[in-house]
Amino acid sequence: MLPCLFRRGITSARAPVPDRSQGRHIVASGRAEGRRRFQWEGRSKPVSPSPEKKLLKIVVLSGAGISAESGLPTFRGAGGLWNGVRAETLATPEAFADDPQRVLDFYNFRRTMVRDAEPNAAHRAVAALEQRHQVTVVTQNVDDLHERAGSTDVLHVHGEIMTARSSRTPSLKVAMQDRDIRLGDLAEDGAQLRPDVVWFGETVRHIDDSLDRIRAADRFLVVGTSLQVWPVADWVHHAVNAGERVIVAPELARCPDGFDWLRGNACEHVPRVAERWLDA
Ligand code: APR
């Protein structure tokens, strides 16, 4: 539970950018995954694909839901960080200028939760795909659970909470694995350090790289995102070469056109999808 500090009831969080897939004909189909449970612990080291098995280009687009079973809160839905709190008061440059201590407290609190969390079976299953395939993780998450599970090509389009940066020069960064950011902590340029995350109104990162990978992907897995924040919400429509598009979430406002929707949690479905793609 978030301390009451972050549960001040004002109005609801900032209205998300309109879903650009409005009005699309959608197909929501569940595909019965095998019932075998795949144990990811101790899986053998990387195996090179046998000649008849193709190396696939796989992109996994993740959101807060993939880290929910590691104990990290999502933003929307039950227990969400934006429930009862206006994101403008915590996740914008204006909020930081207006009340830097409140913003630093919010991210220090979240960073402590990330430190105490462990990657879950879904993070590990995504990482295990690298044993046979070329995998890129495009994540909206600022936590480092994909990396700690073993993923090696992770694009954090909304930044990284385990890093701080100068509030004046974004390229001046400091790793924050084991400490909080305090008022008075300065970067090399003498400016106050701030979380190295992308706030509302700031520029999303790795857009070109993310879209290039998604457009080239043979398989596309979307997991744990409400698809309510642009431009990432639009990226699901760019997987034009993917032979299979799968979305994993317990609920969805709309299933994007052309996706198989596996209704349920990440730790239930992602290991099964990964196992199938490892054996493809
Ligand atoms: N497994 C899979 N999905 C889950 C699970 C779970 N165990 N629990 C919740 N979900 C789903 C929810 O149903 C929801 O669709 O994860 C999604 C989380 O949605 P959001 O909370 O909106 O998170 P996200 O989509 O990542 O938000 C995008 O919004 O505020 C910004 O910068 C913030 O990166 C964030 C962005």
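What percentage of the 280 residues of the protein chain count as buried?

**View 1. Overall fold of the predicted model.** Of the 280 residues, 50% count as buried (under 20% relative accessible area, with exposed over 50% and partly exposed in between; 1.4 Å probe, protein chains only). The protein chain contains seven helices and nine strands (DSSP runs of H or I with at least four residues, and of E with at least two, numbered from the N terminus). Among contacts (heavy atoms within 4.5 Å) with a separation of 6 or more, 69% join residues 24 or more positions apart. This is a predicted model, in which local features need pLDDT of at least 70 and side-chain atom pairs count only at pLDDT 80 or more, while totals for chains, interfaces and linings use all residues. Residues are numbered from 1 along each chain as its sequence is written, and side-chain values use heavy atoms, without hydrogens and water.

**View 2. Packing of helices α3 and α7.** The axes of α3 (residues 121-128) and α7 (residues 266-278) lie 8 Å apart at an angle of about 15° (lines fitted to C-alpha atoms over the stretch in contact, with angles from 0 to 180 degrees between N-to-C directions). The two helices are therefore roughly parallel (angles under 35 degrees). From α3, Ala121, Ala122, Ala125, Val126 and Ala128 meet Ala266, Cys267, Val270, Pro271, Ala274 and Leu278 of α7. The residues of this contact comprise eleven nonpolar, no polar and no charged (nonpolar being Ala, Val, Leu, Ile, Met, Phe, Trp, Tyr, Cys and Pro; charged being Asp, Glu, Lys and Arg; polar being the others, Gly among them).

View 3. Cys255 is buried at 2% relative accessibility. Cys267 is also buried, with a relative accessible area of 14%. The structure holds zero disulfides (pairs of cysteine sulfur atoms within 2.5 Å).

Definitions and conventions
Parallel < 35°, antiparallel > 145°, perpendicular 65-115°, else oblique.
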